Amino acid sequence: MKTDVQVAVIGGGIVGASVLYWLAKLGWTDTVLLERRELTSGSTWHAAGNTTYFGPYPKMTALFAGSIRTYLQAQEETGQSVGFHETGSLRLAATERELELFHVYAPRYEAMRIPFHIRSPEEVAALHPFIDVGAIHGAAHTPTDGHVDPTGATTALAQAARQLGASIERHTPVGAISKTGNKWVLETVHGVVTADHVVVATSFWAREMLQPLGLNLPIYPTQHHEIITENLPEIAALDKELPSMRDSWVSCNVRQERDGLLIGIYEKEPEFWALDGIPPDFKEELLPPNLDPLMPHLERLMERMPLFAKAGIKVANNGPMCLTPDGLPLIGPLPSMEGLWLATGFNVGIGTGGGSAEILANWMVTGRPPKGLDAIHADRFGNDIGRDEATRSIRHVYARGYHLPDHI
Ligand SMILES: Cc1cc2nc3c(=O)[nH]c(=O)nc-3n(C[C@H](O)[C@H](O)[C@H](O)COP(=O)(O)OP(=O)(O)OC[C@H]3O[C@@H](n4cnc5c(N)ncnc54)[C@H](O)[C@@H]3O)c2cc1C
């Protein structure tokens, strides 16, 4: 194991692997990634892998586009498939106002050179025959996005980083973190690692990990469900994969999974998990499903996509998912913690991990913060936001699901 490095990355989910990869691409290969268990063993292994280019903020859309680009690049460099399905996505206009907003966004996509079309209800029906378009006003269609295999993508990133000279140590949990002189000191079960820079990519573990340094990160895990249906003959009969669908009225996303449907719900009454501390023996586990709070959403989905009413539920996965009070990740350095960088707080880490890591790695290598991305800066909440305030905001952000901001 390397014991003195330029950069130690802690956490081997999609985000940590992406950071290690981008640092190596930019020439920083005196690096080691330290992972408590296996790569992907936090939230990454059970994620649906959805990644859409739709969104109100171009800078955030660029992170999504940068992520797909990063994963495909790692695939190209290693031969390891990232399982990208370019199905495209439909973001339904459940209201007239949503359709108006889509027209506001359209020129921004043109400027980014990302295909973006506004579809009429009839066109939506042609693209996705199972959506009942009777009550929608149209949709925004981003035909070049889709979904990836999160484990395949993490593996490709890790392999590509290793090829460039980076190291990865699995089964190496980091315990105490301290600073001596200019060096960060990380205690692990295999001995001490010292580093000029440390990147904390440990998702919801980061809060407890950094508390001994006097840091108070407002990140907490919510429970998040994804439902997979039995195979449906109507889907098996299709000659091409369905586009993903996102709908603020149902507050869900739906994509094709083999010959069935995979549904992610943002329910009105989200539950937190492990608010008093992550159980130390938590492994690659799921939480007991609780479908009752999802029922009003599933009933709406039966209206929006009547095929769903015919489908048996095969799996209901409930996994912990990290959130910050505004739903955006914490990226970058912290005041008076020179050499300590955050890459945590991701709730769409598959969608934005690769692109965010590119931003962070450039920031570390050049010393210059990215332009126009104050919204994701690691220090934006200060250090004294209390648990009640943070969890209240997280609940609000989660429950808003796919609602669009009304300002333009
Ligand atoms: C049901 C469900 C579906 C989802 N679907 C999607 C989706 O479709 N699209 C999307 O973009 N996002 C989705 N997400 C969210 C996504 O899973 C996360 O945003 C993403 O996986 C976060 O990646 P990460 O690398 O930040 O964290 P993680 O994958 O949790 O990785 C953190 C790593 O840090 C390690 N670690 C922790 N403590 C230590 C320590 N002390 N020392 C060393 N290592 C440590 C952990 O073992 C873990 O491997 C979904 C989440 C859930 C729950």
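## About the model

The model is predicted, and for that reason local features are reported at a pLDDT of at least 70 and side-chain atom pairs at pLDDT 80 or more, while totals for chains, interfaces and linings use all residues. Residues are numbered from 1 along each chain as its sequence is written, and side-chain values use heavy atoms, with hydrogens and water left out.

## The ligand and its shell

The shell around the ligand holds 37 residues, and the closest of them are E35, S43, T44, G349 and G351; a residue is near the ligand if one of its heavy atoms lies within 4 Å of it. By type, the shell divides into 16 nonpolar, 18 polar and 3 charged residues, where Ala, Val, Leu, Ile, Met, Phe, Trp, Tyr, Cys and Pro count as nonpolar, Asp, Glu, Lys and Arg as charged, and the others, Gly among them, as polar.

On its own the ligand has 1,000 Å² of accessible area, of which the protein covers 97%, as found by the Shrake-Rupley method with a 1.4 Å probe. Two or more residues of the shell come from each of helix 1 (14–25), strand 12 (220–229), strand 16 (313–323) and helix 9 (349–366); helices (H or I, at least four residues) and strands (E, at least two) are DSSP runs, numbered from the N terminus. Domain 1 (4–80 + 149–219 + 325–383) and domain 2 (89–144 + 221–323) each give at least three residues to the shell, with domain bounds that come from an automatic or database domain assignment.

## Helix 1

Helix 1 has 12 residues, and the distance from its first C-alpha to its last is 16 Å, close to the 16 Å expected at 1.5 Å a residue; the expected span is 1.5 Å times one less than the number of residues. Of these 12 residues, 11 are buried, a term that means under 20% relative accessible area, with exposed over 50% and partly exposed in between (1.4 Å probe, protein chains only). Among the buried residues are I14, V15, Y21 and W22. After helix 1 comes G27, whose phi is positive, near 100 degrees.

G16, which is found in helix 1, counts as buried because its relative accessible area is 0%. The C-alpha atoms of G16 and R368 are separated by 21 Å, and the two residues are 352 residues apart along the chain.

N253 is found in strand 14 (residues 252–257) and counts as buried because its relative accessibility is 8%. The side chains of N253 and Y402 are joined by a polar contact of 2.8 Å, that is, a pair of N or O atoms within 3.5 Å; within protein, one must be able to donate a hydrogen and the other to accept it, and residues adjacent in sequence count only if both atoms are side-chain atoms.

L262 lies in strand 15 and is buried, with a relative accessible area of 3%. From C-alpha to C-alpha, L262 and G332 are 33 Å apart in space, while in sequence they are 70 residues apart.

## Positive phi in loops

S203, which is not a glycine, has a positive phi of about 50 degrees, and its place is in the loop between strand 11 (191–200) and helix 6 (206–210). A274, also a residue other than glycine, has a positive phi near 50 degrees. A274 lies in the loop between strand 15 (260–265) and helix 8 (295–304), and it counts as partly exposed because its relative accessibility is 21%.
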